[in-house]
Structure formats: structure tokens, C-alpha cells
Amino acid sequence: MVLADFARQAEAERLAARLVVEGVGAQVWPVQQAAALLPGSEPPIGPTVVVARGDHEHALTLAHLFAEVDAGVSVVASPPQDVWHGSFVRLLVGVFAVSMIVSAVVVMLFAAV
């Protein structure tokens, strides 16, 4: 069954790879091949992710969750953040740790001289 069609090949391959990692057999089909699975009134716009009929519901749920995570609106998982965009307390702890390491290195250099 057709799960989703995309304008770009990379997006379709990314979704298919994510589904395969989750245990869903997914393949990317070209437009001409996927058109046979869809009604003539709704042809695919580009590369299409196809899954088995039995996996369709599970794959659709996963695809929605992946889209929410990518958009940063997921309740299940927040998007990854680097340390500079985290909480202020984490930033202070990081600055403190780096300054302690630098201080220790400076003390050892002076002690070695």
C-alpha cells in the first residue's frame, strides 16, 4: 500500500529508512510504478514510500510521529538541542567545568616550569 509520496527523492528515502529501522518493510518506488497503486484521479507527485498492507496502519502512525519530531511539536520526543540553546543552568555548569579544566591546565603548566 502507498504510505506517502514526496516531491524529492531524499525525503522519501529518509522516511523509508526510518521505517525499516523500526521494523516496517518499506520501499521507495518511482512515480510510474507507484501510479499503478493509486486511483487515476490522485496520481503521485514524486517518489513514493510503499509498505505492505498489514504494516500500513503502523507505518502511518510512525510517519506522523516522525513528522511531529521533525517539526519540533512532538509531545513524545523533543527535537535535539545543542548546549547553547539549552537551559541557562546547563550553560553555567558547562562554563564552570571548562573554566576549571583551563585553570587546572594553567596550574600544571606553571608547576612544571
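Modeller: Start with burial: buried means under 20% relative accessible area, exposed over 50%, and partly exposed in between, with a 1.4 Å probe and protein chains only. Two notes on the source. This is a predicted model, where local features need pLDDT of at least 70, side-chain atom pairs count only at pLDDT 80 or more, and totals for chains, interfaces and linings use all residues. Residues are numbered from 1 along each chain as its sequence is written, and side-chain values use heavy atoms, with hydrogens and water left out.

Colleague: Is Glu-11 buried, exposed or partly exposed?

Modeller: Glu-11 counts as partly exposed, at 32% relative accessibility. Arg-8 is exposed, at 52%.

Colleague: How are salt bridges read?

Modeller: Side chains of opposite charge can pair when their charged atoms come close. The rule here asks for a side-chain nitrogen of Lys or Arg within 4 Å of a carboxyl oxygen of Asp or Glu. By this rule the count is three salt bridges. One of them joins Arg-8 to Glu-11, with the closest N and O atoms 3.2 Å apart.

Colleague: Which side chain does Arg-14 meet in a salt bridge?

Modeller: Arg-14 meets Asp-70, at 3.2 Å from N to O. Arg-14 lies in helix α1 (residues 9-21) and Asp-70 in helix α3 (residues 56-71), so this pair ties together parts 56 residues apart in sequence. Helices here are DSSP runs (H or I, at least four residues), as are strands (E, at least two), numbered from the N terminus. Arg-14 is partly exposed at 46%, and Asp-70 is partly exposed at 43%.

Colleague: What does Asp-70 do with Arg-18?

Modeller: Their side chains meet in a salt bridge, at 2.8 Å from N to O. Asp-70 is in α3 and Arg-18 in α1, so the pair ties together parts 52 residues apart in sequence. Arg-18 is partly exposed, at 22%. Through shared partners, salt bridges join Arg-14, Arg-18 and Asp-70 into one network.

Colleague: Now the helix itself. How do I find its buried side?

Modeller: An α-helix has 3.6 residues a turn, so residues three or four places apart point the same way. In α3 the buried residues are His-56, Ala-59, Leu-62, Ala-63 and Phe-66. They cover an arc of only 125° around the axis, which puts them on the same side of α3. The arc is that of the directions from the helix axis to the C-beta atoms.

Colleague: Which exposed residues sit on the face turned away?

Modeller: That face of α3 carries Glu-57 and Ala-71. Cover for the buried residues of α3 includes β1 (2-5), α1 and β3 (48-51).

Colleague: What is His-56 in contact with?

Modeller: Contact means heavy atoms within 4.5 Å. Leaving aside neighbours within four places in sequence, His-56 is in contact with Met-1, Val-2, Leu-3 and Val-51. His-56 is buried, at 19% relative accessible area.

Colleague: How does the span of α3 compare with the expected one?

Modeller: The expected span is 1.5 Å times one less than the number of residues. With 16 residues, α3 reaches 22 Å from its first C-alpha to its last, close to the 22 Å expected. After α3 comes Gly-72, whose phi is positive, near 80°.
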